[in-house]
Amino acid sequence: MPGEMVPDHRELRASHEERDQVVERLTVAAGEGRLTADELDERLEAALTARTHGELAALLADLPDAGPVWAAEVAAAAPKDVSRIVVDSASAKRDGGWVVPRRLEIESKSGSVVLDFTRAVIAVPTLEIEVAVRSGSVTLLVPPDVAADVDDVAVRNGSVRHQARPEPAAPVRLRIQMTGEVDGGSIAIRPPRPPRRGFWQWLLRRPRPVVALPR
């Protein structure tokens, strides 16, 4: 129709599914050596907070077409030997496609640390975590193929709760060995929350209305 405005697709709002697809594309590109670990971290953060298609497209502009994301084989980026997380009264979180190192040192004085392994890039069979928790907290969100051992953590005053022990026969992609001590704080190992249902999933699961048939 004359005078009808043509929408700029770059300004269309991005959905949760589209952000997840870009995260997978970036992770594959990092595994192929096209992105460094630092570049991957920066782009993943940008992808998870992107609002429009244009912002997502800019993150893939210098990468070749990897084909359908559901058919791409995700290869891991090179992990660091040692990473450190130190929080005082603040909070730190690792989620999305973050690269799991070989060793992680965590110090939490009065803040919180959350490690979400749901979509983490895992290229090592084991991860050593050494913790020093004072009055803060450390939380690990682990899927069924990640096993965590907290038996060697010394608890002076505080708590260690493990609510995500895998089944004995389940395949394990990553084993986490945690050591250190808790003195007035807490450590929690639990499964991640289930993914949020999209609009169409919600709509399809709504109870169908009862229609009275004419007599």
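**Exercise 1. Find what share of the chain's contacts between residues at least 6 apart in sequence join residues at least 24 apart.**

Solution. Contact means heavy atoms within 4.5 Å. Take the contacts between residues at least 6 apart in sequence. Of these, 71% join residues at least 24 apart.

The model is predicted: local features need pLDDT of at least 70, side-chain atom pairs count only at pLDDT 80 or more, and totals for chains, interfaces and linings use all residues. Residues are numbered from 1 along each chain as its sequence is written, and side-chain values use heavy atoms, with hydrogens and water left out.

**Exercise 2. Describe the nonpolar cores.**

Solution. Start with burial: buried means under 20% relative accessible area (1.4 Å probe, protein chains only). Buried residues make up 33% of the 215 in the chain. A nonpolar core joins buried Ala, Val, Leu, Ile, Met, Phe, Trp, Tyr and Cys residues through side-chain atoms within 4.5 Å.

The largest such core has 31 residues. Leu 115, Phe 117, Ile 129, Leu 140 and Ile 176 have the most contacts inside it. Strands supplying at least two residues each include S1 (82-87) and S5 (126-133). S8 gives the most, with six residues.

Now inspect Leu 115. Leaving out residues up to four places away in sequence, Leu 115 touches, among others, Ile 85, Trp 98, Ile 129 and Leu 140.

A second, separate core has 17 residues, including Ala 14, Val 22, Leu 35 and Ala 47.

Definitions and conventions
Buried < 20%, exposed > 50% of the residue type's maximum accessible area, 1.4 Å probe, protein only. Helix = DSSP H or I, 4+ residues; strand = E, 2+ residues; numbered from the N terminus.
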